[in-house]
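I opened the model to look up two things and write down what I found.

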Amino acid sequence: MFLDQVSLYLKSGDGGAGCKSFRREKHVPKGGPDGGDGGKGGSVYLVADAGLSSLIDYRFKHHFKAERGTHGKGSNMHGANGEDMRLPVPVGTVVHDMHSNEVLGDLVIDGQELLIVEGGHGGRGNPHFTTSVRRAPAFAELGEPGKERDLRLELKLLADVALVGMPSVGKSSMIARISAARPKIADYPFTTLIPNLGVVKVGDKSFVCADVPGLIEGAHEGKGLGHAFLRHIERSAIIMHIVDLAGGFEGENRDAIKDYKIIENELHMHAEELSTRPRIIVGNKLDVEDAEERSQKLKAYVEEKDLPYFAVSTLTGEGIDALLHFTAQQVHKLRLQAAEEEKLARESEEFEARYVHREQLAQRVAKRPFKVENLGGGVYRVSGEAIERMVIQTEWDNEEAILWMQGRFAKLGLEKELIEKGAIDGDTIRILDREFEFEAGVSGDGW
């Protein structure tokens, strides 16, 4: 079964809690803190796999959660990290955030990885909080919860050549004639309901061909099967536009040039870039009566646009060899060109086979570890990955842990920033779901 769109819920593993422990051994009086750190939770990646051709693996299972990190233990025993989860997807998968519709990544190279949600950080054990005046800290950090993300995956087929045209022009017959693909073929419109891929071999060359379900006028607006399959044309290196030379079904008397214009307009309306995509125009059903006359008119029209034209019959095989040799040569030229462009991209360090999506990168390169917003009415919101992590990992029933967190806020310059934003004593400061009362200058930390 072919499946080209799915929704997924992914959650990274929780970080393990740090351990609060003290060394207790005979003949070792007043042993120091020896609590181990918690393990990091597993992250979730999507990985492009050339062995897959559909998203069928995610038809029934939509929720995935990575392994959590284990808690630290005494005697400086650190918790184990959770195992990362790598979910395979077909090459050509576009990853969207379900809520914002932001494109997080486009997996177009076999083995390419996309980090979706990073595992929660493990909490630090109490040895990390010793100072010259705090020799026996009686607190440790909690583990950071894993992150969640709702995704929409969209597969856009990676084919060298896409067969397009009106319904029943012979696209399925073409791919059946030139490859080992065996699509359903019948004499009624919309016989093909899913894209079919076939590998075409021409001498020592080969290329992948995609039979896209028939398009009709208004396809770019969703009419017929338009929205469902127009996207599969976007990645194709060459568009092979097949036109019916038989005049349609008995009694229809369709005009080949008019049909050609309709499909070309639909491609342009779907994505303007498709207007400049290399294309080959093919007049099919040359074996039918009066087809030669229609073929000559269509040939004259498209050659005025400087486009290559071939008249063929998928029934008898007439003209197929010439079409395939020309197509194979064009595909080979485009591959060489693409290989050179990729080489230049790698040399300029623009290519990354493994990357973090933009939102996470933006947070990591931020100049300040936090952001302060004045919400009005004496209420301020503080946000930022680092400062939010401190709040999440603090033991709120441990006064010593809270004092340590306040000291960290002071070192980060949070009090100064709040005062610059207009905060005064008694104002409310919100960080995540916690609220604090601001009091400047108390114990040097303002809280």
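Entry one, helix 4. I am working from a predicted model. I looked up helix 4 and found that it runs over residues 291-304, 14 residues in total. From its first C-alpha to its last it reaches 20 Å, close to the 20 Å expected at 1.5 Å a residue.

Which residues of helix 4 are buried? I noted Ala291, Ser295, Leu298, Tyr301 and Val302. They lie on the same side of helix 4, because they cover an arc of only 135° around the axis. An α-helix has 3.6 residues a turn, so residues three or four places apart point the same way.

Entry three, what the buried side packs against. I listed the partners of the buried residues of helix 4: strand 12 (238-244), helix 3 (256-270), strand 13 (279-284) and strand 14 (309-311).

Turned away from the buried side of helix 4, I found the exposed residues Glu293, Lys297 and Glu304. I also checked what comes after the helix: Asp306 follows helix 4 and has a positive phi, near 60°.

The volume of the largest cavity is about 50 Å³.

Entry six, the lining. Around the largest cavity I wrote down Phe129, Phe139, Ala140, Glu141, Met390, Gln393, Thr394, Glu395, Ala401 and Trp404. Sorted by class, this lining has 6 nonpolar, 2 polar and 2 charged residues.

Terms used. Residues are numbered from 1 along each chain as its sequence is written. This is a predicted model: local features need pLDDT of at least 70, side-chain atom pairs count only at pLDDT 80 or more; totals for chains, interfaces and linings use all residues. Side-chain values use heavy atoms; hydrogens and water are left out. Helices (H or I, at least four residues) and strands (E, at least two) are DSSP runs, numbered from the N terminus. The expected span of a helix is 1.5 Å times one less than its number of residues. Buried means under 20% relative accessible area, exposed over 50%, partly exposed in between (1.4 Å probe, protein chains only). The arc is that of the directions from the helix axis to the C-beta atoms. Contact means heavy atoms within 4.5 Å. On a 1 Å grid over the protein atoms alone, a cavity is a set of points where a 1.4 Å probe fits but cannot get out, and a pocket is an open set with protein on both sides within 12 Å along at least five of seven lines; lining residues have an atom within 4 Å of a point. Grid points are joined across faces, edges and corners, and a volume is the space filled by probe spheres set on the points. Ala, Val, Leu, Ile, Met, Phe, Trp, Tyr, Cys and Pro count as nonpolar, Asp, Glu, Lys and Arg as charged, and the others, Gly among them, as polar.
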